[in-house]
Amino acid sequence: MKPIRIINRSLIVLGAAASLAHGAETFTRSQLDFFESKIRPVLADKCYACHSSKAEKLKGNLLLDTREGTRRGGDNGPAVVPGDLEKSLLIQAIRYHDPDTAMPPKNKGGKLPDSVIADFEQWVRDGAPDPREGEAKVAKLYDTEVAKNWWAYQPITKPSVPQPKDQSWAQTEIDRFILAKLEETSLRPVADADAGTLLRRVCFDLTGLPPSPDTIERFTNKSDRSHEFPLSYEAIVDDLLASPEFGRRWARHWLDVARYAETSGRDVNVVFPEAWRYRDYVIEAFQEDKPFDQLIREQIAGDLLPDRSDEERAKNLTATGFLALGPKSLNETNPRQFAVDLADEQIDATSQAFMGVTIACARCHDHKFDPISQRDYTALAGIFLSTDTRFGTPGGVQARNAASLITVPDSLNLPIVNRRMDPAVWRQKSNRLASIEQQRDQALRERAGGKVRGEIEGGTSSTARLTGFDIVRLITNAKQIEMEIGAYHEDGSLIPKLMGALDRPLTLPSDSRRRRQQSGSQKSSGFEIIADSPLFTRGDITKEGEKVPRGLPAFLARDHDYRMPSTGSGRLELANWIASPRNPLTARVIVNRVWHWLFGRGLVTSVDNFGVTGAKPSHPELLDFLATRFVEQGWSIKKLVREIVLSRTYQLSASNAAELKSEIGDLKSAQAIDPDNLLLSHANVRPLDAESMRDAMLAASGSLDLKPQIGSIIALAGDGPVGGERYQAISETAIAKATGNFRSIYLPVARNVTPDVLAIFDFADPSSVLGARQPTIVPAQALYLLNNEFVHEQSQKLAGRLLRDIPTANTDALIRAATLAILGRPPFADETKVIRDFVSRHSSAPMADTWSRVCRNLFATADYRFLK
């Protein structure tokens with residue numbers, strides 16, 4: 001990457017990095033996951049019989065088994081027009097507005113559930129991402145032996161460390177694996193990165209923050225005797241690992257994987273006011289270097305673990321927030337469908353996050369590619385259907401699918417957001433709730449007695465007549481007020497509560513049905529006690545088959561001895577299997593995630609998919625070596641990170657220009673032999689993520705507040721929907737414009753709306769497991785850096801600080817201080833000259849304005865935007 005230049009008052013980059021987009025269309029991993037889990041299975045089940053190349057009789061000349069066929073459409077026009085619901089005939093058909101074109105036909109199951117229709121609408125709105133290429137064909141079942149022999153399903157064995165020909169280069173075992181593979185292709189590693197580049201790289205990778213100017217000086221200028229204690233690289237690494245900022249940086253990585261969000265998303269976007277407790281649990285876990293196998297057990301089954309104190313139990317319960325955080329269709333009218341969908345989302349998140357396999361793809365049929373049967377899926381579904389998920393919202397319309405939270409004792413003194421309710425308001429709402437409940441109960445009794453419109457008596461006779469819509473509104477309002485006042489003590493102080501999961505009871509109280517009817521709640525889901533799940537034919541809840549005993553996937557858990565309890569859900573047994581050293585997936589997956597977070601690409605590039613459709617490892621022996629070492633060292637993330645960043649491989653320069661002579665005498669460059677740098681002959685140039693971009697600006701300006709934040713603006717808002725015409729807990733605008741001088745991990749995370757500063761720089765989609773963000777390079781990002789008010793404010797603050805500390809006449813010192821603060825290095829000679837000339841030409845302007853423009857343009861450079 002070449003140095004910056006200043007042209008027409010703006011800093012630009014010569015030889016700027018090329019777009020990371022691929023092909024004519026680009027899809028994010030979350031979009032493709034959505035298609036594979038929500039769209040393709042429905043098309044295959046409901047449409048392919050009549051609209052695929054394998055159909056016995058093709059109807060309407062419409063093929064829906066390829067992207068091209070779907071968009072070209074049939075006799076009546078295109079089935080899908082990306083981004084346009086009204087022009088997409090497929091959407092019109094499944095909405096069932098016109099009986100002549102309604103699909104699927106009644107003899108094929110009839111109208112799809114509302115939640116499925118909503119999925120298709122969301123898919124089209126998002127541009128109809130569709131990876132299906134080539135001729136129309138229906139996916140075939142996997143080859144059993146090929147699937148079972150896939151590398152990721154084989155036991156982990158610790159390989160011997162190779163001995164490369166060059167014994168002088170390698171500093172660690174990692175280096176020997178890397179060099180041996182390079183030597184196979186006659187490549188050599190490039191030179192080491194310079195001290196300043198390496199320092200900036202490791203500081204951002206470990207803490208998400210830039211090095212301080214003093215640290216830069218002490219590390220890069222070791223010959224300067226003015227520094228009594230020059231810093232070694234190893235000492236810097238150890239300081240970074242011990243810093244609280246390591247926990248915040250690496251927690252954010254895991255929050256991407258855990259699909260962390262503070263709202264439900266989907267049809268009605270309702271606030272999860274206690275989600276932030278899970279965020280803080282993850283920060284603390286990474287800072288304390290909690291063993292990863294324990295982290296697994298706590299997130300899946302923390303409520304079932306033994307504890308030594310109420311404080312420890314509260315932490316374990318908070319960890320199970322992992323299961324409660326997922327997106328939810330709260331307006332789903334069928335509680336049984338909602339329960340099954342909730343379990344499906346939990347299976348998907350758990351299997352992908354910890355093991356990199358898509359078990360949820362076996363919901364409707366045996367997995368198309370991996371050795372996972374629908375019986376395996378159903379056995380897991382029974383575990384999660386036996387779990388009481390406490391996500392804590394008033395639900396959708398008519399209080400559909402509402403859920404409570406887990407209350408903990410006030411004596412634990414858990415942190416609580418600064419939200420109170422005036423005691424007078426609490427009493428007022430309590431009285432209003434009693435009145436609404438009285439009307440609701442009377443109306444429900446009237447309806448139960450067969451009256452469509454009943455006269456409602458409120459103490460004395462009343463002439464008020466309520467419609468069915470009025471009753472729905474009463475039920476909805478009652479639940480909303482119940483959740484509101486239920487969050488507070490009578491004195492207006494918040495009651496400490498947690499999102500999380502508990503086992504369902506073995507039996508139900510005898511009056512549970514009566515209490516449900518009195519409150520106007522939906523009918524039972526049928527999954528209210530610990531029980532096995534029926535196998536649903538093609539995933540259809542109306543087509544129940546035999547019940548499948550709760551258990552683990554047969555092939556994947558073939559080497560694991562366990563006994564499923566009759567009195568428990570089985571989540572602890574599931575957690576113990578996932579966290580077992582004998583599980584061939586878990587250690588490999590997390591080691592590969594860590595490698596990706598440090599190098600920008602995993603040893604297995606498909607970090608969330610270790611199945612047959614995923615990638616093979618570029619260095620399988622190294623992956624198994626690190627996975628084995630990881631387990632041997634107590635599943636310590638910090639020890640793994642330390643070993644990797646102290647390797648010479650991590651410390652290489654990003655240059656790949658050197659040409660090397662191969663054994664056959666040809667000159668070949670690393671770019672020609674290994675264009676994707678899978679062999680790691682040099683470092684990868686990587687863009688800073690959204691949070692690091694923002695936090696580094698605050699650090700440079702001197703505004704960054706490192707104190708942990710309690711909650712977020714969403715937590716402060718309390719229960720209710722995001723946006724909404726009649727009632728809202730918080731507006732979408734408030735979330736989009738959220739700011740503050742704290743670290744970005746404390747910004748609100750809502751589904752369907754993201755703070756602007758995060759959204760524009762490729763923030764993770766919080767609706768799916770995401771171990772690898774999809775970076776983009778688009779003009780809007782450059783415009784943001786040059787014109788956004790937040791960037792302008794930080795530039796002004798930095799300029800003001802520089803002018804206070806350094807005499808204005810000392811232009812070169814100001815330039816050096818500015819580039820150290822923003823770029824993490826001293827200026828190049830030509831940069832000094834150009835900035836000096838710029839300042840001279842604007843000598844009549846206020847100095848603060850001139851230097852603010854210099855700082856703002858430095859923030860807009862590639863040397864700020866990228867790690868080299």
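Is W254 buried or exposed? Select W254 to begin: this residue is buried, with a relative accessible area of 0%. Please note that the model is predicted.

**First stop: the partner of W254.** The ring centres of W254 and F354 lie 5.5 Å apart and their planes meet at 35 degrees, so the pair is tilted. Colouring by helix shows that W254 belongs to helix α10, while F354 belongs to helix α15 (residues 335-355). The pair thus links distant parts of the chain, 100 residues apart. F354 is buried as well, with a relative accessible area of 1%.

Next, display R259 beside F322: the charged end of R259 sits over the ring of F322, 4.9 Å from its centre.

W250 lies in helix α10 (residues 244-257) and W597 in helix α21 (residues 586-599), so the pair ties together parts that are 347 residues apart in sequence. Both tryptophans, W250 and W597, are buried.

**Last stop: a lysine over a ring.** Finally, select K328 and F391. The charged end of K328 sits over the ring of F391, at 5.0 Å from the ring centre.

Notes:
Residues numbered from 1 in each chain as written. Predicted model: local features only at pLDDT ≥ 70, side-chain atom pairs only at ≥ 80, totals over all residues. Heavy atoms only, no water. Helix = DSSP H or I, 4+ residues; strand = E, 2+ residues; numbered from the N terminus. Buried < 20%, exposed > 50% of the residue type's maximum accessible area, 1.4 Å probe, protein only. Phe/Tyr/Trp six-rings, centres within 6.5 Å; stacked < 30°, edge-to-face > 60°. Lys NZ or Arg CZ within 6 Å of the ring centre and 35° of its normal.
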